[in-house]
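Have your viewer ready and turn the model as you read.

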Amino acid sequence: MAQSLRPAMMTHEQRLDRLERIAKLFVKAGVRARANMRRLDDKIGILIDAQIKTEDQMKEMVQAQRRNDERFAKNDERFAKMDERFARADERFVKFDERFVRSDERFAKFETQTDQTLKILMEIMRELRNGDSKA
């Protein structure tokens, strides 16, 4: 019974074989780890490149947004100036309308005066003709 509890004794050759197998396993694991690290390095490089491109695009977008904001601000200023011009033009049109109304009133007065003068002139002419024919 005592013999079964004792570990079996290995020969030097068996120990070397065992060590060689373990060393091979370590080497294979190391090669696998290196390959995995290379793949991970490649993937990390791809991610970094993508991140750099994305940041560059974001910078360009921010710059474009700033340019657009400046353009919108300039357009707002232009629109405000145009609104002022339109307001002044509207005031002028109101003044012109008032002038036209006054001119129409004056022309109406002139027209009535002219009509009256023509009537008087026509009466004078009739009287002169009638007076000439009686004489």
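The paragraphs below go from the whole chain to its surface and then to one residue.

Please keep in mind that this is a predicted model. Its secondary structure is quickly told: the chain has two helices and zero strands. One of them, helix α2, covers residues 12-134.

How does that look in overall dimensions? Along the principal axes, the C-alpha atoms fill a box of roughly 185 × 30 × 25 Å. The radius of gyration is 56 Å, whereas a compact globule of 135 residues would have one near 14 Å.

What share of the 135 residues counts as buried? The figure is 1%. The chain exposes about 13600 Å², and 58% of this area is supplied by carbon and sulfur atoms. Charges are part of the picture too, with 31 positive and 26 negative side chains. The centres of these two sets lie 13 Å apart.

Finally, zoom in on a nonpolar surface patch of about 650 Å². Its members are Leu 118, Ile 120, Leu 121, Met 122, Ile 124, Met 125 and Leu 128. Leu 128 has its place in helix α2. Is Leu 128 buried, partly exposed or exposed? Leu 128 counts as partly exposed because its relative accessibility is 49%, and that class lies between the cut-offs of 20% and 50%.

Technical notes. Residues numbered from 1 in each chain as written. Predicted model: local features only at pLDDT ≥ 70, side-chain atom pairs only at ≥ 80, totals over all residues. Heavy atoms only, no water. Helix = DSSP H or I, 4+ residues; strand = E, 2+ residues; numbered from the N terminus. Rg over C-alpha atoms; globule rule 2.2 N^0.38 Å. Buried < 20%, exposed > 50% of the residue type's maximum accessible area, 1.4 Å probe, protein only. Areas by Shrake-Rupley, 256 points an atom, 1.4 Å probe, with all protein chains shown as cover. Lys, Arg positive; Asp, Glu negative; His and termini not counted. Charge placed at Lys NZ, Arg CZ, Asp CG, Glu CD. Patch = residues over 30% accessible without salt bridge, like charges linked within 9 Å, V, L, I, M, F, W, Y side chains within 5 Å. Salt bridge = Lys/Arg side-chain N within 4 Å of Asp/Glu carboxyl O.
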